[in-house]
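Please look at the structure first and then read on.

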Amino acid sequence: MNQHLATPPQGLAALEARLRQDLSWLEIPAKNWVTPRLVDGRQVLDVAIIGGGMAGLAAAASLKHLGIEAPIFDQAPEGYEGPWATTARMETLRSPKQLTGPALGLPALTFRAWFEAQFGSEAWEALDKIPRLQWMDYLRWYRRVLDLDVRNEHRILSVQPRADQLVQLDIESPAGRNTVLARRVVLATGRDGLGGAYVPDFAKKLPRDRWAHSSDVLDYNTLAGKRVGVVGAGASAMDSAATALEAGAASVDLLIRRNDIPRINKGKGAGNPGLTHGHLTLPDEWKWKIRHYINAAQVPPPRGSTLRVSRHPNAFFNLGCGVLDLALVGDDIHVTTPKGVFVLDFLIFSTGFRIDWTVRPEFAPLAPHVRAWGDRYTPAAGQEDQELHDSPDLGAVFELQEKVPGACPGLDRVHCFSYPAALTQGTISGDIPAISEGAKRLAQGIAGLFYREDVQTHYANMEAFAEPEVFGDEWTPAPAPQAETAQ
């Protein structure tokens, strides 16, 4: 970088002043215009968002910018929403640093602006990828600088659509149990937000204290001196393996079903504005074909994450070693694979997530009624895909749809703004690259739905509007023309 192009850090106060100016110039946020609703004397929320991670924050900000109030309910303590400072174990994000993420088209709201304000442009040029905990700090700043309404330590007990065009949320918080009504609810519940971690059935052959899923809360220091196996070869497998090695594990065996580790991220090759904005309106067969191809090719682990493992001499990459069986023999875990039996002390399953509404008690009222793609679409031979089969079949505004019309009135007032929306909407609701486009699509769609529902009220407001712009004293009426006298 040329020295004369370098800019020193200006400080967050200067950046925040610029952001306030940008918002002012753009007349953001709009004034609240949604028709208020009262039920039994209580205010009904316009929108309630469940989940205060990146997607929830972006959704709340987009709605706020359009004049729609959208408080967030998150069960985590303040500043620990999402996985970044809890269960995520990568050193850096996997996404390229220059992606604008949840900035919503506002340059001063980008991670880069936040970073350079504190460390300068030379530090930005030297940065390879964004450190995970620094990303969490950025999201904390994002929440503060946009003054988003996040209600922490609020656990959702039940999401119940009602026939009166409202959704009831039963909530437990430090203040006790409470019921909240909202006209719309957004599920911004993350990668596992419509189900949970997937673990093969054979894991049940082991006591629960002898294995974990890579997304579990786990003190890796307890693995010091132990022989650890990690099932999988994706990013989370590398993160878990590296964390165990750094915590002093005696050895880590990666048990990898494939004969090679994927090398190319096909999803990265597909990403462009055309796909971002065009996926929603593609024919079903193309939506399925694209998502299945990416799933089947699998996403490779990041190079840095893989090197973080391989630099340890006691890390072993066992290819062609899919797990065939497990057994507890004495105090040892025996893992049978095509290449022999591994004797271990602890096993970590980095086997991804599964959409399964029934494992989330709060979704019990929804579970029997949500229409999945598998309920109405049969893929071409050879393109069968369990994740896609289970994916919710959403409407244009991310809304859930009924499996049996009329069986769950109000279900379409619940919107899925998390990763499982990808088959219907594209990857615009769970990943950094296009999260802003997704949040804006969601907010604009909800704004349109509110206006349509209350169009009579808005029309009446238009009729009643009586703010004059011309007062009648701006001109003098001309006299009637005088007829000319004939000569």
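The model is a predicted one.

**The sheet**

Which strands make up the open sheet, and in what order? The sheet has five strands, and the order is S10-S17-S11-S12-S13. Their pairing is parallel. Strand S10 (211-213) and strand S13 (315-319) stand at the edges, and each has a single partner strand, so one side of each is left without a neighbour in the sheet. On average, neighbouring strands of this sheet are turned by 20° against each other, with direction ignored.

One pair can be followed in detail. Strand S11 (residues 227-231) and strand S12 (residues 251-256) run parallel and are joined by five bridges. In this pair, valine 231 stands opposite leucine 255 in S12.

**The two domains**

The protein is divided into domain 1, which is made of 12-194 and 355-452, and domain 2, which is made of 199-263 and 300-351. Taken over C-alpha atoms, the centres of domain 1 and domain 2 are separated by 32 Å. Five residues from domain 1 and 14 residues from domain 2 take part in the contact.

**Helix pairs**

| Pair | Angle | Axes |
|---|---|---|
| H1 and H5 | about 45° | 12 Å apart |
| H2 and H13 | roughly 45° | within 8 Å |
| H2 and H5 | about 25° | 11 Å apart |

Take H1 (residues 12-25) and H5 (residues 132-145), which pack at an angle of about 45°. H1 and H5 are therefore oblique to each other. The crossing of H1 past H5 is right-handed. On the H1 side, Leu12, Leu15, Glu16 and Leu19 take part, and they meet Trp141, Arg144 and Val145 in H5. The residues of this contact divide into five nonpolar, no polar and two charged.

The next pair is H2 (residues 54-65) and H13 (residues 435-453), whose axes cross at roughly 45°. That angle makes H2 oblique to H13. H2 passes H13 in a crossing that is right-handed. From H2, the contact uses Met54, Ala55, Ala58, Ala59, Ser62 and Leu63, while H13 supplies Ile435, Ala439, Lys440, Leu442, Ala443 and Ile446. Sorted by class, the contact of H2 with H13 has ten nonpolar residues, one polar and one charged.

H2 also packs against H5, at an angle of about 25°. Why does H2 count as roughly parallel to H5? Angles under 35 degrees count as roughly parallel, and the angle between H2 and H5 is about 25°; that makes H2 roughly parallel to H5. Here the crossing of H2 past H5 is left-handed. Met54, Leu57, Ala58 and Ala61 of H2 make the contact with Trp135, Leu139, Tyr142 and Arg143 of H5. The residues in the contact of H2 with H5 divide into seven nonpolar, no polar and one charged.

Methods:
Residues numbered from 1 in each chain as written. Predicted model: local features only at pLDDT ≥ 70, side-chain atom pairs only at ≥ 80, totals over all residues. Heavy atoms only, no water. Pairing = 2+ DSSP bridges. Helix = DSSP H or I, 4+ residues; strand = E, 2+ residues; numbered from the N terminus. Axes fitted to C-alpha atoms, helices over the stretch in contact; angles between N-to-C directions. Parallel < 35°, antiparallel > 145°, perpendicular 65-115°, else oblique. Left-handed = near helix turned anticlockwise from the far one by under 90°. Contact = heavy atoms within 4.5 Å. Nonpolar A, V, L, I, M, F, W, Y, C, P; charged D, E, K, R; others polar. Domains from an automatic or database assignment.
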